[in-house]
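Me: I would like to learn how to read helix packing and sheet layout from a model. Please take me through one example.

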Amino acid sequence: MNFLELATKRISVRGYHSTPVDEAALAQVLEAARVAPSAANRQPWHILVIRDKAARLALGQAYTRDWFQQAPLILAVCVEPAKAWQRLDGKNFADVDGAILMDHLTLCAADLGLGTCWVVAFEAARVKAALHLPEGIEPLALTPLGYPADAGRPKTRKALAEILHHDQW
Ligand SMILES: Cc1cc2nc3c(=O)[nH]c(=O)nc-3n(C[C@H](O)[C@H](O)[C@H](O)COP(=O)(O)O)c2cc1C
């Protein structure tokens, strides 16, 4: 599978088998995340691998879709804005950096036949409490990680002509 095929194959999976995730596959997914680029190489991020049933249940209170807890693992990508690069105008790139890491992670998972789904529509305070996040660490995104039991929705995207500009807007 070449990169374009992989990028097209990755979809948001909202149904999972409870089959344990192969440990070697998990290690690859985490390595793909680790090598992601970040502004000024600050790497202002942390990844939590949540296996514990009680912790997953607590996260389920923060995001209440039933498919969210079906997978054996939930990954939480957290950022530390104080460690991220900031532009002169004050824009902080922690979220951008974390999103790139998350993209590496989801694409690698898809390559290995594992499903993921970006989840950000959670109650952040509940996530922080469930994961005992220290001050200054923000939960950016969660994703289940597991074997897909759902074919996903058809991929709908704007046509290139709608988003592409040449030379000027
Ligand atoms: C930043 C971001 C946040 C998202 N948050 C959620 C979410 O909270 N819940 C959810 O079900 N899907 C969420 N998604 C998944 C998107 O709905 C999905 O990526 C989009 O509809 C395109 O579908 P695809 O991922 O299958 O290609 C999120 C995706 C991104 C990139």
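**Helices and sheet**

Reply: Two packed helices are described by the angle between their axes and the distance between the axes. Here helix α2 (residues 23-34) and helix α4 (residues 94-111) have axes that come within 7 Å and cross at roughly 150°. α2 is therefore roughly antiparallel to α4; angles under 35 degrees count as roughly parallel, over 145 as roughly antiparallel, 65 to 115 as roughly perpendicular and the rest as oblique. Axes are lines fitted to C-alpha atoms, for helices over the stretch in contact, and angles run from 0 to 180 degrees between N-to-C directions. Helices (H or I, at least four residues) and strands (E, at least two) are DSSP runs, numbered from the N terminus.

The model is predicted: local features need pLDDT of at least 70, side-chain atom pairs count only at pLDDT 80 or more, and totals for chains, interfaces and linings use all residues. Residues are numbered from 1 along each chain as its sequence is written.

Me: Which residues of α2 and α4 make the contact?

Reply: Two residues are in contact if their C-beta atoms, placed from the backbone, lie within 7 Å. α2 contributes Gln28, Val29, Ala32 and Ala33, and α4 contributes Leu101, His104, Leu105, Cys108 and Ala109. By class, seven are nonpolar, two polar and none charged (Ala, Val, Leu, Ile, Met, Phe, Trp, Tyr, Cys and Pro count as nonpolar, Asp, Glu, Lys and Arg as charged, and the others, Gly among them, as polar).

Me: At what angle do α3 and α5 pack?

Reply: Helix α3 (residues 53-62) and helix α5 (residues 124-131) pack at about 170°, with their axes 8 Å apart. α3 and α5 are therefore roughly antiparallel to each other. On the α3 side the contact has Ala55, Ala58, Leu59, Gln61 and Ala62, which meet Arg126, Val127 and Ala130 in α5. That contact divides into six nonpolar residues, one polar and one charged.

Me: In what order do the strands of the sheet lie?

Reply: Two strands pair if DSSP finds at least two bridges between them. The open sheet has three strands in the order β1-β2-β3, with antiparallel pairing. β1 (45-50) and β3 (138-145) are the edge strands, each pairing on one side only. Direction ignored, neighbouring strands are turned by 20° against each other on average. β1 is joined by six bridges to β2 (residues 73-79), and histidine 46 stands opposite cysteine 78 in β2.

Me: Which strands does α4 touch?

Reply: α4 packs on the sheet and touches β1, β2 and β3, its direction making about 155° with that of β2.
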